[in-house]
Amino acid sequence: MPKLKSIEELQKLRGQLQKDIKARTEMNTTVTVGMGTCGISAGAREVMHAILAELETRGIDAHVTTVGCIGMCSKEPLVDIQQGDEPRITYGNVTPAMVPRMIEEHLIQGNVVEEWVVGRVTGQEG
Amino acid sequence: MTEQYRADVLICTCPACTKAGAPEMQHALKAEVERRGLAGEVRLVETGSRGFCSMGPVVIIRPEGILYCQVHDVDVPELVEETLVKGRIVERLTYKEPETHKAIPHYDEIPFYDKQMRVVTRNCGLINPQNIEEYIAVGGYQALGKVLTSMAPKEIIEEVKKSGLRGRGGAGFPTGRKWEFTRNAPGDVKYLVANGDEGDPGAFMDRSLMEGDPHAILEGMTIGAYAMGAHKGYLYVRDEYPLALRNLNIAMEQAREYGLLGQGILGSSFDFDVQIVRGAGAFVCGEETALLASVEGHAGNPRPRPPYPAQSGLWGKPTNINNVKTWANIPVVISRGADWFNQIGTETSKGTMIFSLVGKVNNTGLVEVPMGITLRELVFDVGGGMRDGKQFKAVQTGGPSGGCIPEELLDLPVDYEHLKEAGSIMGSGGMIVMDENACMVDIARYFLDFLKDESCGKCTPCREGIRQMLSILTRITEGQGEMGDLQVLETLAPVVKEASLCGLGQTAPNPVLSTLRYFRDEYVTHIVDHKCPAGVCKELIEYYVIEDLCTGCGVCRRKCPQEAISGEKKEVHVIDPALCIKCGVCFDVCKFDAVGVR
C-alpha cells in the first residue's frame, strides 16, 4: 500500500473500502430470499447469487438476508424487497433470469413489478 | 464467481471468549462454511469484544443482527445449516432473558445493550482491529484528515474544551485545558503519553479498547500531538496484556505504512510517531508522575506536583498524559463536533463512561453508558439484576480505592461529582456489584490488603497508614475488635488521604470510610456480638447440621477434608467444631440444604 498523500486519497480509499463492510452498515433496502427446504429445492440459492451479482454490477447498496419457510411453498423461490417505510413486496416463483428486471425496475426506477407480486405487507405487520 | 459477501459473521476473539473456546469454534466454523460452499458468500471476521463477556464465545451475524451466546465447536453445524443456509434462528443459542427465559435473538433488542451508548467503543466488536482498512471503512482517520487540512491547533483545543470532555483515567480533569497547558508551556520538544496501565482488580475497560479498536487511540493521540505541537508519543501498556500489545503494534505498523503515522502524515509537513513502553504491573504506575518515572526507566514512584507534567514531564519537557479512553474520545469529538458531544451526559460530566460491570449481576461485561445514568439502571437494567435472586447490598465504583455505595443511593446519577459526594470515585471505570453474601468489613479488608502491597512506600502515611488500618480490620474480622477501633480508623483515614502525594494514598481509605458510613452496624455486630451477618468471616461463623433436613446420606462426611463430620448411615450427622476448619465444603455439597451457617 503506497502512503496516503492527502485527505482526498483517504476519502477515496474509504469509498472503495465501504462496500467490504456493507453487511455491517445500516441500509435502507433489504432483499430477503426464502431459504426453507422448499425455497432451496426450487432454486433459491441460484436466485440469491443472481441478486448478489446484480447488486454488485449496478453498485446498489442493499442488505441481502435469508429467511426460513413462510408457508407459501408453492410460490417459492420467494423474494421480499423492503425499502424504508414502504410496504414490503413479495415476489413469487422468481428465477435468476427475472432478477435483472426486478432490480432495475424496483430498486432503480422505484416501480414495483406488479405482474410478479404475490404479497404485500404494510406497516407494523411486516 | 467473484466474492460478493452477503453476510459477515463477527467472532469475538477477546481473552474471555478465547478461553471459553472461541478459537476451536472459529476453526470449525471456517471448515463448515467451506464444506457447505458458502465461503464466497459468508465472511468470518475476527473482532474485539462487544462487552457481553459472561456469554462468550459470542458470535454476531450481520446484516441480520443475530447474536449467539456460548457458541462452541459442536454448535457449528447447526448454526451453519439453520442460520447461514436457511435463514432460521437457532433458538437454543440465543440470549435468554434471565427471569422469563424468553429468547431474544437480535443484538439490538437485548436489554444489556438497550441503555448503552457506544461512542468510545463504537468499533469494538464491529471491526477487525488488526485490519486498518476496516477502521478506514467505518470513517477512521477522517477526523485526523479534518484537523490537518482545516483546523488550526488552537481551534482543536477550543473544540475539545467546548466538548466538556474530562479525563477518563479517574481524576476527571478537563482535557482541553490540560492540552492548553502543554501547548502554552515553553519549549520546542513536547511529549504525549497514553496511559494504558490498567491495574484495578477485575477491570478491563482499557484492555478491551486497546484490543478492540487500537486505531482510535492512535488517531486521538495524533490529533492531540498536532494540537499541542508534539512529535513523539508513548503508549504505556501493561505487559500482562499480550493481545492489546499485539494489536497496538500491528495498528502502528499499518498506520505507518498508510502514511497515517510517522513523517509527513497524510502528505502534510506534520510528523508524529508513537512508541510502546511495557509496564511491569505495578498498580502505582497508573498514577501519572509514577508512570512518567517508569517511562524514563526509573522506579515507578510518584513525585510532588507542581510542577505538573504539562510544565515538566518526561525528561523535564512539557508532557501531556491522558488515559487511552480519553484519547479514543478525541476522533469522535472532532468528527461529530463538540456540540454533539456535550449534549450527552450531565451538567458537569459530558459524554459516556465505560464500566467493567462485574460481581453478582446476571450480565457481567463491558458496558458504555451516557454519564448521568443511575446506578439502579446500571445494575438492574444493563446488568440484568442480581444473580440467583439474591438481595442487592452494595456497588463499588472506581476500583480498589473506590467506595461502596448502598441500596438507598441506587438512584444516584453516575457522574464525577455525585460519586464523590457519596464517598466514592469515578476512577477508571471499575464497578463491582455485591449481594447479601458480601461482608462489608471483609470487603474493606480485602481492598486494603491489595493497596498495602501496591503502595510504593514513599509516603509514610500511605505506607504505614494502610498497614495499620488493615491490621485493625483484620482484627475486627477475627472477632478481636473493640469499639474504639472505629474511632482510630476514622482518625487515621483522613491523615492518609491528606498527607499522601498521589492518588493511591489519597483514595486508599475510601473503602473503609464508605463502609463505615453506610454499613456501620455490620462493624458493630462483628465487634460487639462477635458475629459476621453475611457468614463470611471464618473466625466468627460456625457450620452446623440442621437435624430436620439431614437424611444421613454421608456425602458431607466423605467430602470433609478434616474428618470433622461423623454419623451413621441414614442417621443425622454432626460437625465437630473443634476439628472444623470452616472450609465450607459440607455446605456446598449438601443436596438437602441441611448444613447451616451461624
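Me: How many helices and how many strands are there in chain A?
Reply: Keep in mind that this is a predicted model. Going from the N terminus, the elements of chain A run α-β-α-α-β-β-β-α-β. Sort those letters by type, and chain A comes out with four helices and five strands.

Me: And how far does the C-alpha trace of chain A span along its principal axes?
Reply: Here we look at the C-alpha trace of chain A and take its principal axes. Along those axes, the span is about 55 × 30 × 25 Å.

Me: Over in chain B, where does the cis peptide bond to Pro57(B) sit?
Reply: The bond in question runs from Gly56(B) to Pro57(B), and its omega is near -10°. To place it, find strand S2 (42–47) and then S3 of chain B. Pro57(B) is in the loop between S2 and S3.

Me: At what angle do H9 and H11 of chain B pack?
Reply: Helix H9 covers residues 205–212 and helix H11 covers residues 242–257, with their axes 7 Å apart. H9(B) passes H11(B) in a left-handed crossing. The angle is about 35°.

Me: How do the residues of that H9(B) and H11(B) contact divide by class?
Reply: From H9(B) come Arg207(B), Met210(B) and Glu211(B), and they meet Leu243(B), Ala244(B), Asn247(B) and Leu248(B) in H11(B). Sort these residues into classes and you get four nonpolar, one polar and two charged.

Me: Which residue forms a salt bridge with Lys115(B)?
Reply: Side chains of opposite charge can pair when their charged atoms come close. The whole structure has 42 salt bridges over all chains. For Lys115(B), the closest N and O atoms of the pair are 2.7 Å apart, and the partner is Asp381(B).

Me: How many residues apart in sequence are the parts that this pair, Lys115(B) and Asp381(B), ties together?
Reply: Lys115(B) lies in the loop between H4 and H5 of chain B, while Asp381(B) is in helix H15 (residues 375–382) of chain B. The pair therefore ties together parts of the chain whose separation in sequence is 266 residues.

Me: What volume does the largest cavity have?
Reply: The search turns up five cavities of 30 Å³ or more. The largest is lined by 15 residues, with Cys550(B), Cys553(B), Cys556(B), Cys590(B) and Ala594(B) nearest its centre. Its lining has 10 nonpolar, four polar and one charged residues. The space inside is about 120 Å³.

Me: Which element gives the most to the lining of the second largest pocket?
Reply: This pocket has a volume of about 1,400 Å³. Of its 49 lining residues, the closest to the centre are Arg24(A), Thr25(A), Glu26(A), Arg62(B) and Leu126(B). Elements that each supply at least two lining residues include helix H1 (7–18) of chain A and helix H5 (132–137) of chain B. With four residues, the top contributor is H13(B).

Note on methods
Residues numbered from 1 in each chain as written. Chains lettered and ligands numbered in written order. Predicted model: local features only at pLDDT ≥ 70, side-chain atom pairs only at ≥ 80, totals over all residues. Heavy atoms only, no water. Axes fitted to C-alpha atoms, helices over the stretch in contact; angles between N-to-C directions. Left-handed = near helix turned anticlockwise from the far one by under 90°. Contact = heavy atoms within 4.5 Å. Nonpolar A, V, L, I, M, F, W, Y, C, P; charged D, E, K, R; others polar. 1 Å grid on protein atoms, 1.4 Å probe; cavity = no way out; pocket = protein on both sides within 12 Å on 5 of 7 lines; lining within 4 Å. Points joined across faces, edges and corners; volume = space filled by probe spheres on them. Salt bridge = Lys/Arg side-chain N within 4 Å of Asp/Glu carboxyl O.
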